[in-house]
Structures are given as structure tokens and as C-alpha cells.
Amino acid sequence: MKTLRLALRMLSRDWRAGELTVLIAAMMLAVASIGTVGFFADRVKGALSQQANLLLGADVLISADRPLPDTFAAEASRRGLATTPALKFNSMVQRASADVAGSGAVLADVKAVGDRYPLRGAILLVDEANALGTRARGVPGRGEAWPDSRLAARLNARTGDVLSVGDSVLKVTAIVQQEPEVASGMLAIAPRLLINLDDVPATNLLQPGNRATYRLLVADLAPRGAFDPYLNWLQRELKAGQRMENVRDLRPEVRQTLERAEQFLGLSALVAVMLAAVAIALAASRYLRRHLDTAAMLRCFGASRRRALSLFVIQFGVLGLAASAAGVAVALAGQQLLVMLLSSISATDLPAPGIVPAISAFGTGVLLLFGFALPPLVALSGVPPLRVLRRDLPRPRPGGVIAYLLGAGVIALLIAWQAQDVKVAGIMVGGIAALLVAAGIVAWLLIVALKRLPQRGVTWRFGLANLRRRPLASSLQIGALALGLMALLLLTVVRGDLMQNWRASLPPDAPNHFIVNVLPDQVDGVRAALKSISGSEVSLYPMIRGRLVEVNGTRLDTAQYEDTRARRLAEREFNLSWAAELSKTNRLASGKWFDGATGTDAGISMEQGIAESLRLKLGDTLTYDIAGTPVTAKVTSLRKVDWDSFRPNFFTLFAPGVLETMPQTYLGAVRLPEGTQSAAWVSSLVQQYPNVLAIDVGEIMRQVQAIVEQVARAVEFVFLFTLLGGLLVLQAAIAATQDERRFDAAILRTLGASRAQLTAAQVAEFVVLGSLAGLLAAAGATATGYFLSDRVFQIPFSANPIVWLLGIGGGALTVTLAGWLGTRGMMRLPPLAVIRQLG
Amino acid sequence: MPDCILRASRLTKIVTSGEAPLRILDDVGFDIDSGDTVAVVGASGSGKTTLLGLLAGLDRPSDGEVWLDGNALSGLDEDARAALRQRLLGFVFQSFQLLPALTALENVMLPLELAGAPDAAGNAREWLARVGLAKRTTHYPKQLSGGEQQRVAIARAFAGEPKLLMADEPTGNLDHSTGLEVVDLMFRLNREHGTTLLLVTHDGELAARCMRRLSLAAGRLVADERAAAQ
């Protein structure tokens, strides 16, 4: 109790004397930046997913080939989630009035929906007055039918006409332009009819043998944390044949975009953690040096080692808790400001900030403080009391190897925790470790080189001797400075490049319509029509449907896949194609491209992601069942595919000379102008080639682009925090040796050095220090940028020479400026005062 | 016959620096009575400060023993020696050793607070008044002159009411007249409180004011003189 009170008093005295400013600033910044990123990422991730869910009409879709048990909906309602049922089946649809001739019956995808459909997004109806369509209110009523524009065109039906569906007769009251469930509908061949769920029994279509898909849409409209527990519950309850899908499972491009968005935000948080750790380590070691005398006096006055330790630990504990709490408060304010700045995100309802980021930011602060402050504290308590008589006693080392390992362990832990991605964490930890090792080697080389260098002029000699004098401290300082500079470079230049490359991978002229189901004899005609409307040559790719039946001679058992996505992919028919050349949006990941080889001997090229999901590897022999004919070939290469390029891409590609004779259709992608014109064009194409489908993916693209833009802006804001962190590290690294510099300067002045000489010596030292750190930082930033874009984001990397220029020049300049500012004041004081104060 | 507060026996300190072991103290022994004033004198490098460190239990001898108020220091661990210092010793240093982040008052309070003494602030205030600094309690060390800083240090040393006050060149960093004032103060408090005073100094004038003078040369005790009481 006495110790606690005394510790608090000592803390308040230190606070008042300004001894704690750097440490508190470092801690607050650490917690605030991690907290802001955490809060924001948490909320934005939620918002981004919600936006993506507009494409699905729900947050999650449960489907099965048999009716779903009532408990699924009941449990969701009990947990406060919204649900609505839906039912999908195929049926012939035709105009009911006998007098209408010619159009005949069309096979349609009938979707019967409950009253609350859709839970996310809206149904858009064709509106003569508005090319973008009008939002529908509700769903088709009893006795009503809403065909989509494709079906309406095929049936030549308009509002007021009557359709017969099974035994029922339904009246067309609206034409659907766009439905939220585009996500799962891209390759649905048949046009669609929307009806009321209650009309289904009367159609008499749900006979045994007619395949229907029963669905339950679930959404968390008023988030209270009930959604994830429900999903967990559902996961346990799902029986064979029942599937749970979200938008990520259904759309690879949305999935990839969301994942990249999360990675970008996570990366910003990581850099913040890294910088905070370094700043705290530097501030704590400065605290150690400045409190050696206090510790020695305490021991001299009779405090036991344990007492001294507990006095310091309590002070740090209180400091850590207070600074972390303040940091969390700053983070809350920061993320709110951020949300306000990003008006487009706040337009969609953002979930409230959660408690988890607060706890993790707080925990990070405390963990960082003790990871980096505990070793110096233990060292402090072990200061020999004899120091009060002999100032020249060696300083205690903060715990040696164990202390550094503790710190390194804490950083690795935090990074792994923040990244929640072993690969990203590995790259970051590897980058930091490599940088520190490089700093050590460079410092050592420097010492060797400086000894051999002809010594020119007292100022350079003295300045460089300073670096040489403490090899370990110098290399640590270079390492810390390099880390700070590297973070800044990563965040400015490399981040900019990454974002630009990301945006560029989604060009504004990306195709917005897929043309599907073109028969071989229609290829020339469709291609000509596409060229006339879009103004450019459009490629059509052959597509063959086939099911994967054997792997290495064994029948494929889809039950082996625990992951529902993998199982669904394996159960589905694959879209197969062939190609002689590797397309621009594909990159070879491993193996060998066909390069002129043909036939089944040349093998198969698989998309890497699906190969991983299905646990297929290079060299596996696969057998596809294509319209009853087995085709067997070896996997000879794996490809990476840029899904968000919105070009037609295939999971499986054969070499030429295998599939050409199989029944096939063609597909392509084209950019059409937005609005009525393209709607008119689509209907004329469909009338000319009734089997051809033109699918509008403009909505998906707009969503993906919106996500990219929002993340770009979010990262830019978070960057401000990390920038502050980087500057703080620079400041702390320079402050770490400031006292020694001041003392040296005072001694030199008593020896008659002029202020100009002193300044020159300091500048010499800082310039060397800064440019070396900058060189390392540029190398580190380039390497990290390369690894990140190549291994993590899978965006093409382009090296930027500006990094080197900015790194070396900027490093020398900022370090010199900051160092000169820090020591300038001291040059004015009489030397004796400095010696007395610091000696 | 007064008690023996401090006894040194065959104290030897050897440090190994460079190639040859260096004998800094060589077989030094003496007794100091309670209430005595003793000066340890000698040229620079004669081993004075080393001796002081050993006597205060701040360092361990290579050989020999120190008894502080009857306790053999070699039998005590670092923490037990610290506890003994807290109970018995006060220190005044050449470079004052005030903590720069603390005010004059807080510097004096610190050892009292460590010992858990009641009313540390009141006590410290009283001691500052006794050394003539009643008006400077809220000043920081860097706002005080050298003499004032040393007076704060003396107040700090006496505030714990130690039986034995050790001073290492207390006037070393002060000009002559300020040094005199500080010395006067120390001797006055010593008389008022019956504290034993052990000074390390090469200031002959200061040494002359002590009742006893121990002279060191090259690590050996070369003279032990008693002056006539003042």
C-alpha cells in the first residue's frame, strides 16, 4: 500500500517534470492507431460485406433440394434476425391468351418469394421514364407475375398480359430489370420469372421429379452480434444436401475484392503496430537511462531490489493503463471522424463500433509496454547502488538476449494477431528481422570502413567517430530510423503504387455485359453485332460443360470436402475451355504452359485457387465427364487469375486439340453504354438469337469499384496515424542519444570548439546516419512492396525509383533536421550547465 | 566509553583492469566511535572513495570485513545491506545527486517516503527550514545554486536522522565561501543530533575541523591522528 502510494507520487512527479512525454505519446499513438484501424476496419468490413450482400439479397443463403426444416427460420427469428423463404424451380412459361401466336413456351427459372424478399438490396423494375429502373415496392402479389426483361422479350409480353405457369394463370404487373440475386445468377441460362410464394401450390408444379431448390434468406438487419452465433449454430445443424452460401462463395471477383480490402486495412494496422513497438522500445530505453540515478539513489537510501522493482513496475502499470485508455478514447473519436469523412460509406448503415477492437487496442498497448519496458525496468532495479559514488560504472544492459527475445516475441505475436494471416505476418516479421540484421551488418561494415577512411577535418572525424564509438547503439539507431523511414515509404510511395495497380486492374472500360450461350454457327454474326455496338473487336471463347468424376483414377467423393464451398464446386459442372495462348489476366503460378503442345498429352491448366480448394496438385490425373464422354489428362500447370478483371476466365483449360469436337457454346464480355440504348440493343440481340443471353454485370462492377474506392480513402486516412507513428519513431530514435550528444558538445565547447564546428560535426553524423537508414529503408520498402504485391495481393509489381531517392535524401534531411532541432537549444547553454545537468 | 558505530578490519579491494590486478585498498582497519567526526584524507587515487563505498556497503571488499553498528556486512545480502543503510546511514555527495525531476522538498521527502515515515512532507519542510531553504521548497535542482543544492542534500541526509552521516567531498563542487557555509551547517547539525560524521575530502581546512583524521596513500592507511577537540 505504501509502495503503491509512493509509486503514484513518483509517477506524478515524473509526469510534471516532463520525463514521460515521449513514452506516453508513443503509447497513446500506438493504441490510438491500432484502435482506429481496428474500429474502422471492423465497421467498414461489416459495411463492405453488407454492400456485397446487396448482390445476394441477404447476408446468407441457405438452400437445399428438399424443404428446409422450420427450425432454421424459427431459430433465426428467435435471435432477432430477419428471414424470408424462397423457392426456385424450372418451368415452361407461355402466354395464356390463345390469340397470341408465335412466341410459344419458354423454359424459365421460376423464383417464388416470400413477402419480405429481398432482405438486402431491391428489385428494380423496368420503367420507360427511367433507364436505371424503379425500385419495386414489395413482391408480386397473389395472382401476379414479374418476368425479367429477357423473358418478357422472349414471350413478347408486356404489362397486363397473362401468363400460364403450370396449372395457374398469372397476370404480368411489372417487368424486372434487375434482381438482387445477380450474384448467383450469372450463368443461369434460363430467363427468370418472379412470383408469389403462396401461388406455388396452385401451379401443381412441385411434383416428385421436378427439381426445386428450397431457400431461406437470412439477414442481420439490426446488428446485435447475433449473426455469427447463428451461423455457428446453423453449421452444426446442416444435414447432407443443405448448403449455406454467402456472397463470397458465389462471386470470385467480389470475394477477391473484399479480401484485398481487408488485407489493405490489416496492413495499415500492422505498420501501426510495428511503429508503435519501436517507439515504445526507444522511449522505454531512454526512460531507463534517465532513471538510473533515481534507481541508484533509491537503493542507496535503503530500498530493496524488490521494492525498487515494484516501484517502477507500478509506475509503468499505471502509466500503461492510463495511456492505453486515453488511446482508446482517441481511437473512438478518430474512427468517428473517419466515418464522417467517408460519406458514401455512412450512407449505407454502418454497424456501431464494437467492443472487440477497443479491447484489442487496449491489450496491445499494455502488451507492448511490458514487452519492451519490463527488461529495462528489471535492469533499473539491478543498478548497483555504488553508482551514486562512481558515475562511470557500466550501465546495466536491459536483460540481454532474453529481453530482446521478449520484445521480438511480443511484436511477432501482435503482428500475427493483427494480420490474422500467417502469410502477411510472415512477410512483415521477416521484413523487420531482415532490416535489423541488415542494419547490424551495415553498421559493422561502416566501422571497418571508417577506420580505413582518410580522416579529413576535425568535424567529420568527430562526427563519424561518434557513430564508430558505439557500434551496437549506432546500428540499433540506424535500424530504428530505417524502420520508421521504411514505414513512411511503404505508406506513401509503395502504398500509392499498390492502390494504383489495384485500381488499374479494374479499368473503367471493363466489360459490363457477358454474352453467353452463343452457338458455334452464331459466333461470326454475334461477333459482328458486338463490334458494331461496342466499337471494338470482341473475343468469344468456347465453353464446354463437364463434371469432374475421377482424380488419379479414383472416383471423386465430394463428401470428403468439409468446406461447403469446395464441396459445391466439386458437385457443380465445370466450365471447360481450351486456349493456345495464356490470356493477359492469367499468370502462370507453377508448372509449364502448353506452348504449342496439343492434345490430352499436353495436359490441363487449373486455376490455383480451385486447385487448392479441391486439393488437386500439379501432376494429378483428372477425368472429366463431358456429355457422357470421359476425357482424361494430367494437370501440367497452375494459373493465377485476376477475377476482378471481369473478363471471361476458366477454372480449367485444356490444350487445343481435345475439346473442339465436343458440344460447345461460346461466351464473351463486352462494354456497352449504360442506359436504355443498351437495353434496346440487348432485346434486339435476344430477338435475333433467341438462345443467346446478355447478362448485365454492371451492378456487380459498380459494387466492386465502390469497395475499392472506399478502401482507398480509408487507407489514406489511416495513413495519417501511421505517418505520425513514423515521425514519432524518428524523434524517439534521435532523442535516444540526445543527452550524450549534448554532453559531448559541452565538453568540446569547453575545449574551445566553435559552434559552427560543433554543428558541422553533428550534421556530419546525422547525414551519415540518415542516409544509411534511408538506404536500408528504401531496400526494405521495395522488397516488402514486391512481396506484398506478388505474394499477397497478387497485383503486378512495378519498382519505383523514387523510393530510393526519397529514402536516402529524405532520410538524411529529416534525421539531420530533427537532430539539429533537438540539440540546437543546448548549444546556447553554458557548457558547465550542461555538464552539471547531465554529467 | 562510547559505542563503536563502524569498524573496518583488514579491508582490501583488488580490481582487475587491463593486464595486472590493481590493489586499490590494502589492509585498512580502524574503529569509529559514535558521535565522532572523522575525515578520510589523501591524494586523488589514494582509495578514499573506494573505502567509503565499502564502508557504506555499496560495494564488496576483496578481503576483510566491515561492521556497521555491530552488523558484519559480509554476512548480509544486497537487500539486507540496503535495509541497514536505510536505518543507519545518511549520504552527502560531491555532485549533490539531487534528482532533477523532483523539487527540493520532494528530494528531501524521498528517503522518508521510502522508509514509510509518517508526515514525510512536514518533516522535510522542517529540515529545509533548518538548512535555510524554507522559501525554496518548490524549486527544482536546476533552479538552485550549487550551495543551495548541497544544502538540500544535507537536509535530505539528516532528515532520516541517521546515526552515521557519510560525505564524499561535500565541498568539492563549491566555491570556498559557499563550501564553508555548507561545512558549518554539517558540523552544527552533527552537534545538535549527535550524529557520527565520516568525511572523505582532500580539503585540509575541512579535515582540520574533524576530531580525527585517517590518511590514505596508495591504498594504505598511513596515519591516524586525533586533533584536540574544538
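Modeller: An angle here runs from 0 to 180 degrees between N-to-C directions, with axes fitted to C-alpha atoms and, for helices, taken over the stretch in contact. Keep in mind that this is a predicted model.

Start with chain B and its four-stranded sheet. This sheet is open, and its strand order is β2-β1-β4-β5 (chain B). The pairing is antiparallel. Strand β4 (residues 63-68) of chain B is joined to β5(B) by two bridges, and the two run antiparallel. One residue pair to look up there is B:Trp67, whose bridge partner in β5(B) is B:Ala72.

Next, what lies against these strands? Helix α1 (residues 48-55) of chain B lies across β1 (4-16), β2 and β4 of chain B. Against β1(B), the helix runs at about 120°.

Chain B also holds an open sheet of six strands. Read across, the order is β6-β7-β8-β3-β9-β10 (chain B). Here the pairing is mixed. The two edges are β6 (89-92) and β10 (220-226) of chain B; each pairs on one side only. From one strand to the next, the twist averages 15°.

Four bridges tie β6(B) to strand β7 (residues 164-168) of chain B, and the two are parallel. Within that pairing, B:Gly90 has B:Leu165 of β7(B) as its bridge partner. A helix packs on the sheet at this end: α5 (residues 146-159) of chain B touches β6 and β7 of chain B. The direction of α5(B) makes about 175° with that of β6(B).

Now cross to chain A by way of the interface. Chain A puts 22 residues into the contact, and chain B puts in 26 residues. On the chain A side, α1 (2-16) and α10 (292-300) of chain A each supply at least two residues. The largest share of that side comes from α10(A), with six residues. By class, the chain A side has 11 nonpolar, four polar and seven charged residues.

Strand β22 (residues 665-670) of chain A is joined to β14(A) by four bridges, running antiparallel. In that pairing, A:Leu540 stands opposite A:Gly668 of β22(A). Another partner is strand β16 (residues 574-578) of chain A, antiparallel to β14(A) over three bridges. There, A:Arg545 faces A:Asn575.

Further along, β14(A) meets strand β19 (residues 621-626) of chain A, again antiparallel, over four bridges. A:Glu550 stands opposite A:Thr623 in β19(A). At the end of the strand comes β15 (residues 554-555) of chain A, joined to β14(A) by two bridges in the antiparallel sense. A:Val551 is opposite A:Thr554 in β15(A).

What joins those two strands? β14(A) and β15(A) form a hairpin with two residues between the strands. In this hairpin, A:Asn552 takes a positive phi near 50°.

Technical notes. Residues are numbered from 1 along each chain as its sequence is written. Chains are lettered from A and ligands numbered from 1 in the order in which they are written. This is a predicted model: local features need pLDDT of at least 70, side-chain atom pairs count only at pLDDT 80 or more; totals for chains, interfaces and linings use all residues. Two strands pair if DSSP finds at least two bridges between them. Two residues are in contact if their C-beta atoms, placed from the backbone, lie within 7 Å. Ala, Val, Leu, Ile, Met, Phe, Trp, Tyr, Cys and Pro count as nonpolar, Asp, Glu, Lys and Arg as charged, and the others, Gly among them, as polar.
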